[in-house]
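Here is a short briefing for a reader new to this structure. Start with the sequence and the model below, then work through the topics in turn.

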Amino acid sequence: MNGERCGFGATMTDPRWLVDEMLGRLARYLRILGYDTEYAQGVDDEAIARRASEEGRRLVTRDRRLASRSPGALLVTSPYLLDQLRSVRAAWPSLRLAPAFVRCTLCNGELVSVRDDRGEGGSPSSHVYRCPQCGHRYWEGTHTRDIRALLRTLEATAPP
Ligand SMILES: [Zn+2]
């Protein structure tokens with residue numbers, strides 16, 4: 001994956017994240033916000049720390065020992081998504097708080113905009129995004145309303 005590419009909603013200076021497997025929802029949300037986020041699953045601590053260093057990713061983990069092995073790692077202790085997002089925001093104050101539709105939440109693929117060719121005529125929104133890697137499709141709907149609501153809560157409770 002070429003990390004230098006620059007989709008709308010993402011900038012060259014964005015951090016790239018490597019999120020450990022205890023933080024699956026947080027990984028999904030970072031992708032929703034447009035961040036290049038890989039999810040470390042089923043690999044040992046050493047391999048995770050090595051991958052973060054090799055790929056220039058900032059590790060986000062709930063594991064204190066793992067955090068201490070990876071320079072610049074972000075330790076997130078809360079089991080709650082909102083608090084986890086707050087921790088990321090505390091470490092990265094310029095964290096975007098709007099869904100960006102540039103990353104697939106399932107596989108981190110870069111989404112492409114496609115015409116709605118499935119004939120979902122009932123929806124006024126014809127903006128559909130497709131992941132070329134896994135084929136998953138995304139569009140504005142109930143799901144994104146829930147996401148926006150959660151992000152608004154985060155924004156409203158941000159420290160000054
Ligand atoms: Zn995908």
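Cys104 sits in the loop between H4 and strand E5 (112–115). Helices (H or I, at least four residues) and strands (E, at least two) are DSSP runs, numbered from the N terminus. This is a predicted model: local features need pLDDT of at least 70, side-chain atom pairs count only at pLDDT 80 or more, and totals for chains, interfaces and linings use all residues. Residues are numbered from 1 along each chain as its sequence is written.

**Cys104 and its surroundings**
- Cys104 is buried, because 23 other C-beta atoms lie within 10 Å.
- A residue is buried if 20 or more other C-beta atoms lie within 10 Å of its own, exposed if 12 or fewer, and partly exposed in between; C-beta atoms are placed from the backbone.
- Leaving aside neighbours within four places in sequence, Cys104 is in contact with residues including Arg31, Leu111, Cys131 and Cys134.
- Two residues are in contact if their C-beta atoms, placed from the backbone, lie within 7 Å.
- Cys104 and Gly34 are 70 residues apart in sequence, yet 8.9 Å apart in space, C-alpha to C-alpha.

**The chain as a whole**
- The chain has 5 helices and 7 strands.
- From the N terminus on, the elements run β-α-β-α-β-α-β-α-β-β-β-α.
- Of the 160 residues, 28% count as buried.
- Among contacts between residues at least 6 apart in sequence, 49% join residues at least 24 apart.

**The open sheet**
- In the order E2-E1-E3-E4, 4 strands form an open sheet with parallel pairing.
- E2 and E4 stand at the edges with a single partner strand each, so one side of each has no neighbour in the sheet.
- Two strands pair if DSSP finds at least two bridges between them.
- E1 is joined to E2 by 4 bridges, and Trp17 has Thr37 in E2 as its bridge partner.
- E1 is joined to E3 by 3 bridges, and Val19 has Val60 in E3 as its bridge partner.
- E3 pairs with strand E4 (residues 74–75) over 2 bridges, where Thr61 stands opposite Leu75.
- From E3 the chain crosses through helix H3 (residues 64–69) to E4 in a right-handed β-α-β crossover.
- Right-handed means that, with the strands pointing away from the viewer, the path from the first strand over the helix to the second runs clockwise.
- Arg58 and Val60 point one way from E3, Leu59 and Thr61 the other way, and all are buried.

**Helix H1**
- H1 (residues 24–32) is mostly covered, with 7 of its 9 residues buried.
- Its buried residues pack against strand E1 (17–20), strand E2 (37–40), strand E3 (58–61), helix H4 (81–91) and helix H5 (142–156).

**Nonpolar cores**
- A nonpolar core is a set of buried Ala, Val, Leu, Ile, Met, Phe, Trp, Tyr and Cys residues joined through C-beta atoms within 7 Å.
- The largest core has 23 residues, and Leu18, Val19, Leu26 and Leu30 are among those with the most contacts inside it.
- E1, H1, H2, E3, H3 and H4 each give two or more residues to this core.
- H1 gives the most, with 5 residues.
- A second, separate core of 5 residues includes Phe101, Val102, Cys104 and Leu111.
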